[in-house]
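Please look over the sequence and structure shown here before reading the report.

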Amino acid sequence: MSFLIGITVLLCYQLIGEVLVLLSGIPVPGPVVGMVLLLLTLLARGKSAESLDGASTSLLSHLSLLFVPAGVGAMLHFQRIGSEWLPISVALVLSTLLTLVITALVMRSLLRWRARGGSASD
Amino acid sequence: MTETGLSTLWVYLSASPLLGLIITLLAYIVSYRLYEAANRNPLLNPVALAMLILMALLFVTDTPYSTYFEGAQFVHFLLGPATVALAVPLYQQFSKLRALWPVILASILTGVFVATTSAVGIAWLLGGTPETLLSLAPKSVTTPVAMGISETIGGLPSLTAVMVVVTGILGAVFGTRIFDAMGIERDDVRGLAMGVAAHGIGTARAFQVSHQMGAFSGLAMALSAMATALLLPWLLGMLGLVS
């Protein structure tokens, strides 16, 4: 029962997110709006619920499985991937490496700067 | 069973969504077992392995993707509630997030900027077509969000989904090695960079390293999904790629 309640809460927030996006026309996907609303609800309540924790943990622990069907969709694009393999593969590899390296370096230097008392605001 | 009996059975099964669902689960379970048997060697990434098994299976049986997806959509659908579910680890880490928020925000915005502009820029330099560039732009964001963004900016959502999955696998395979080589030891820094660059697949990998790395990766994946959804249409407009 607990899992059922948890998953229903998640689906309801997704639905609210989708409806808000449809009504407002903001260019953000519905599930993201649902996530923000759920976070705000949890912050306002000041605590989570066991059912919600359980459902989230089980969904997120098998997160990588959920990407498989979309990945298999590569077979729909063999032709395009074949004719543009160079820009696609170089862009994916280099951009992923650059993002990992630059993000980590920026965060590390900001943390060091902050630890030295560089930030006076907090 | 006779030859015709078998082919009748095959015709029945291949038209039912059950088969697509079962082979997705089986391919993933087999891949995950192999990955565990290889001491979780990131090179044997279970998503990549499962994708290859399934594509080979569909190719051999001459099954179109649309038939497969009728069953696989039940798994795919769960990406929506899983995205909403990210609110829970975000909430649990909220005290750390609040203490570090200027650093986290600045790092994530930098990461989103690098991820999108470098992908589009490199593919453009190497002669990628406009649809490919637009489909590549949201590649570091989790699938349902990336597909939504791709649709908004005029890319091909299903091509974006493939780019997203490949990006995630690359991040999961190389992330920890790169951090080791760079001497990045803090799990919050490693997790955040992983989540920005490699979304849910990177996060799944991060959770295997430590709970803190996983939580920061999930946090970064959620925040960068939001930031990319909000900023990318505007950023591409500045580059003159979308009107």
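The report below covers the fold, the domains and the chain contact in turn.

## Model and fold

This is a predicted model. Chain B has 12 helices and zero strands, and along the sequence its pattern reads α-α-α-α-α-α-α-α-α-α-α-α.

## Overall dimensions and packing

Along the principal axes, the C-alpha atoms of chain B fill a box of roughly 70 × 45 × 30 Å.

Of the 243 residues in chain B, 55% are buried. Among contacts in chain B with a separation of 6 or more, 63% come from residues 24 or more positions apart.

## Two domains

The domain assignment divides chain B into domain 1 (3–77) and domain 2 (82–238). Taken over C-alpha atoms, the centres of domain 1 of chain B and domain 2 of chain B are separated by 27 Å.

Between them, six residues of domain 1 of chain B are in contact with seven residues of domain 2 of chain B. The side of domain 1 of chain B that touches domain 2 of chain B consists of four nonpolar residues, one polar and one charged.

## Contact with chain A

Chain B also meets chain A: the contact takes 89 residues from chain B and 66 residues from chain A. On the side of chain B that touches chain A, helix H10 (residues 157–182) of chain B gives the most, with 16 residues. By class, this side of chain B has 63 nonpolar, 24 polar and two charged residues.

How values were computed:
Residues numbered from 1 in each chain as written. Chains lettered and ligands numbered in written order. Predicted model: local features only at pLDDT ≥ 70, side-chain atom pairs only at ≥ 80, totals over all residues. Contact = placed C-beta atoms within 7 Å. Helix = DSSP H or I, 4+ residues; strand = E, 2+ residues; numbered from the N terminus. Nonpolar A, V, L, I, M, F, W, Y, C, P; charged D, E, K, R; others polar. Buried ≥ 20, exposed ≤ 12 C-beta atoms within 10 Å, placed from the backbone. Domains from an automatic or database assignment.
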